[in-house]
Amino acid sequence: MSADRFNVGHIEYGSEIYGPGKRTVIWFQGCTLGCKGCWNTQYQSNKPASLIPASELLETILDQGNDVTFLGGEPLQQIGNLSWLVDKLNQYGVHIMLYTGYELEEIEADPQKRELCQKVDILIPGRYRDELRDTNLLWRGSQNQPLIYLHDPQQTKDENQVEITIKPDGSVTCLGYPSEELIKHINSLDYISL
């Protein structure tokens, strides 16, 4: 993989559940942390998914006119490119939210991770812990993951949000942290294509 390209697993445009307001959400491809019960296992492999030049990803985000959320996979495992992108987005005043499986202690111990994380507006650090899964939390999957407002001290209710999209072909996308009951209910529905 070229040093100036991001390995991206998926981009969702106009989501309203991965941070405040309407956002472009980018799942980075590749994660070696291996959290038990990971919700995004399809993004763990480091094999190239979509290799997107850094400048093109910046243009994509700016063209959408939304704020941005990075998750994965593990965004900090592409830290060189991500540092460049965060610096550019800060110049344009884009609100940045970052999910990382690294614990705060690991971030503090690594100067490059610490510097990058200090430049985002909202940080959600910490490994996903299946035994602490909580579908009632805002923007997080397990109770050990803090919600840290670095440059955005807004007050929001700490409650879960789920976004369900039914596409024209009848396929369904469910984003967020749905409860087991909701997943079962969605899977039991019959969809009629109009």
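User: Which residues do ring pairs link into a cluster here?

Analyst: Tyr 18, Trp 27, Tyr 43 and Tyr 99. Rings of Phe, Tyr and Trp (its six-membered ring) pair if their centres lie within 6.5 Å. Bear in mind that this is a predicted model, where local features need pLDDT of at least 70, side-chain atom pairs count only at pLDDT 80 or more, and totals for chains, interfaces and linings use all residues. Residues are numbered from 1 along each chain as its sequence is written, and side-chain values use heavy atoms, leaving out hydrogens and water.

User: How many aromatic pairs are there, and what makes Tyr 18 and Tyr 99 edge-to-face?

Analyst: The structure holds 5. For Tyr 18 and Tyr 99, the centres are 6.2 Å apart and the planes sit at 75°, so the pair is edge-to-face; planes under 30 degrees apart count as stacked, over 60 as edge-to-face and the rest as tilted.

User: Why does Lys 36 count as exposed?

Analyst: Its relative accessibility is 66%, so Lys 36 counts as exposed; the cut-off is over 50%, with buried under 20% and partly exposed in between (1.4 Å probe, protein chains only). Phe 28 and Phe 70, by contrast, are both buried.

User: Where is Lys 36?

Analyst: In the loop between β2 (23-28) and β3 (50-53); strands are DSSP runs (E, at least two residues), numbered from the N terminus.

Methods:
Helix = DSSP H or I, 4+ residues; strand = E, 2+ residues; numbered from the N terminus.
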